[in-house]
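Let's take a friendly walk through a protein, beginning with the whole and ending with a single residue. Have a look at the picture, then read on.

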Amino acid sequence: MFAADEASRGLGIELLEHGEGTAVLRMTVTSAMVNGHGIAHGGYVFLLADTAFACACNSHGPVTVAAGADITFVAPAHEGDVLVARAEERTRYGRSGIYDVSVLRGDETVAEFRGRSRSIGRTPTQAPKESR
């Protein structure tokens with residue numbers, strides 16, 4: 001799934017590790033990601049966490065999408081900071097799941113993200129129904 005994610009890869013996000021229900025990704029904050037306050041725009045921090053969440057929840061096979069997500073920003077990130085997002089599955093039930101993602105700068109927490117997933121019941125190689 002990550003290999004086809006042009007949005008994330010275009011921002012320089014790298015997939016470092018992945019396993020069943022887990023993923024670790026890295027992103028360096030660039031000057032284009034900094035807002036008018038001189039800190040990383042929250043949308044980019046969210047995108048990094050959301051990408052880690054997507055990699056973790058799609059590790060089981062069927063195509064899985066976000067049903068919802070929340071993020072708490074704990075500390076600002078700045079241009080040049082290297083952020084690492086660590087996603088971990090908390091539970092899966094039926095076609096749904098809950099995943100937590102910590103976004104870190106070294107040992108410091110920058111944000112905590114919780115994503116809720118939903119399997120849409122097709123395999124990654126099947127085309128969406130809209131395009132068939």
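## Contacts along the chain

Two residues are said to be in contact when heavy atoms of theirs lie within 4.5 Å. In this predicted model, consider the contacts with a separation of 6 or more: 62% of them are between residues 24 or more positions apart.

## The overall layout

How does the size fit the chain length? A compact globule of 132 residues would have a radius of gyration near 14 Å, so the 15 Å of this protein agrees with that expectation. Along the principal axes, the C-alpha atoms fill a box of roughly 45 × 30 × 25 Å.

## Surface and charge

Of the 132 residues, 36% count as buried. The accessible surface is about 7300 Å², and carbon and sulfur atoms account for 50% of that area.

Charged side chains are here too: 13 are positive and 16 are negative. The centres of these two sets are 10 Å apart.

## The nonpolar core

In soluble globular proteins, nonpolar side chains tend to be buried together. Here, the largest nonpolar core has 26 residues. Which members touch the most other members? They are Leu25, Val45, Leu48, Leu83, Val101 and Val103.

Several elements give two or more residues to this core: β2 (22–28), α2 (42–57), β4, β5 (96–105) and β6 (108–119). The largest share comes from α2, with 8 residues.

Now let's zoom in on one residue. Ala85 sits in strand β4, which covers residues 82–93. Is Ala85 buried or exposed? Buried means under 20% relative accessible area, and Ala85 has 0% relative accessibility, so Ala85 counts as buried.

What surrounds Ala85? Leaving out residues up to four places away in sequence, Ala85 touches Ala23, Val24, Leu25, Leu48, Ala49, Ala52, Val101, Ser102 and Val103. One of these, Ala49, is 36 residues away from Ala85 along the chain, yet their C-alpha atoms are separated by 5.7 Å.

## A partner of Ala85

Val101 is among the residues that Ala85 touches. Setting aside neighbours within four places in sequence, what else is in contact with Val101? Besides Ala85, the list holds Ala49, Ala52, Phe53, Arg86, Ala87, Ala111, Glu112 and Phe113. Ala49 and Ala52 touch Ala85 and are also in contact with Val101.

Methods:
Residues numbered from 1 in each chain as written. Predicted model: local features only at pLDDT ≥ 70, side-chain atom pairs only at ≥ 80, totals over all residues. Heavy atoms only, no water. Rg over C-alpha atoms; globule rule 2.2 N^0.38 Å. Buried < 20%, exposed > 50% of the residue type's maximum accessible area, 1.4 Å probe, protein only. Areas by Shrake-Rupley, 256 points an atom, 1.4 Å probe, with all protein chains shown as cover. Lys, Arg positive; Asp, Glu negative; His and termini not counted. Charge placed at Lys NZ, Arg CZ, Asp CG, Glu CD. Helix = DSSP H or I, 4+ residues; strand = E, 2+ residues; numbered from the N terminus. Core = buried A, V, L, I, M, F, W, Y, C linked by side-chain atoms within 4.5 Å.
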